[in-house]
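Please work through each one before reading its solution.

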Amino acid sequence: MRKGSSVKEQFTARMLRVHFGEDDRWQGKPLHEAILAKCSELGIVEAIVLRGIEGYGSASRIRHASHWSYSKDAPIQMSIIATEEQIAKLTPYLDAMVEEGLVAASTVEVVRYSRTTEQS
Amino acid sequence: MLQPGKAVKVTIYLSDGATHHGVPLYSSILDFLFFRGVAGATVTKGIAGFGADHHMHTEQLVELSDRLPIKIEFIEAREKVEAILGKLEELAGSGLIEMQETTVAKPAQLSKPARPLTPAHLKIEGKAQIMRIFVSEEDRWKSKPLHEALVEAMRANDIAGVTVYRGILGYGAHRRMHKDKPLVSSHHGSIMLSAIDSAEKLRAFLPIVDQMVEEGLVVFSDVDIVKYAYRALDTDKQEPAPAAAKE
């Protein structure tokens, strides 16, 4: 491990969790890819897309992933860590893009580790 | 646990075709009774019958064969029945619910002895925190995958439980997403570890995270522990079960 090569920052941020189905689309593209691209565009620091193996949601259907991991409507959960301002910019897009789903927000404390530029 | 003496027997009559959130209604009701701790319940399927709508439901009429009568029966103390009756009426919809006084002569015995109780020193209640660590799947710590090393470190530090998630897509402090090729292969996955324990224990663990994580994000949020079920084993090596929490 290259000790001392990492910078540590601590700040307060918001965490959004967006729940929808894997088959949901936005302009022909999987919805989670579209949201991820938007997060990246807004400079949001962290976003992860998780696929559940079973679940149900606002549509009140049981969703589950079949053996073919790409041919089902599995539940998707996106976790997005962003500042209050970035969330404010992202929310109108989420309103438009997520037709059926749930968005939950909470305030979180963040510790960020990043490599110093001379190391990378 | 049902005691000998006065009790109430509840019978719910449904037609088999009825569904609730996409599953057969009887199984929804059975789940509800199960999770509300009702002592026991039995579902029986009739072979013929008719209900309020006076349509005969029988197996011989093919077009009606999916609407055979279903009967759910359970016996419980009156207070318990009254506590769940409202929700039960809502679930049963158009079905009939009947109650009658009964006497329990002998309650059913558990087929297995009850599990030993949670060791007191491992009980976690009330306010806690959830610590999520976002790293990349290729990150390594002393030649082993970083997320595995973190799990081992947490276990060694008695963190109550941790779950590792592999994202199907993502980007973060540890990596940039390729705009032209957004689908990340399984070897370039985003990893999220989610650990729940008291704020003090998680804070005490943070210096270890400082040592191990070069690029990544650690996110803390407050949660209330609702239930912490611990599987007590006979051996000394005990594995904590994951805790349920709400934010």
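**Exercise 1.** Determine what share of the contacts in chain A with a separation of 6 or more comes from residues 24 or more positions apart.

*Solution.* Count two residues as in contact if their C-beta atoms, placed from the backbone, lie within 7 Å. Residues 24 or more positions apart then account for 76% of the chain A contacts with a separation of 6 or more. In chain B, 75% of the contacts between residues at least 6 apart in sequence join residues at least 24 apart.

The model is predicted: local features need pLDDT of at least 70, side-chain atom pairs count only at pLDDT 80 or more, and totals for chains, interfaces and linings use all residues. Residues are numbered from 1 along each chain as its sequence is written, with chains lettered from A and ligands numbered from 1 in the order in which they are written.

**Exercise 2.** State how helix 3 and helix 4 of chain B are oriented, and which residues make their contact.

*Solution.* Helix 3 (residues 146–156) and helix 4 (residues 199–212) of chain B pack at about 155°, with axes 11 Å apart. Helix 3 of chain B is therefore roughly antiparallel to helix 4 of chain B (an angle over 145 degrees). Next, list the contact: B:L146, B:A149, B:L150, B:A153 and B:M154 of helix 3 meet B:F205, B:I208 and B:M212 of helix 4.

Note on methods
Axes fitted to C-alpha atoms, helices over the stretch in contact; angles between N-to-C directions. Helix = DSSP H or I, 4+ residues; strand = E, 2+ residues; numbered from the N terminus. Parallel < 35°, antiparallel > 145°, perpendicular 65-115°, else oblique.
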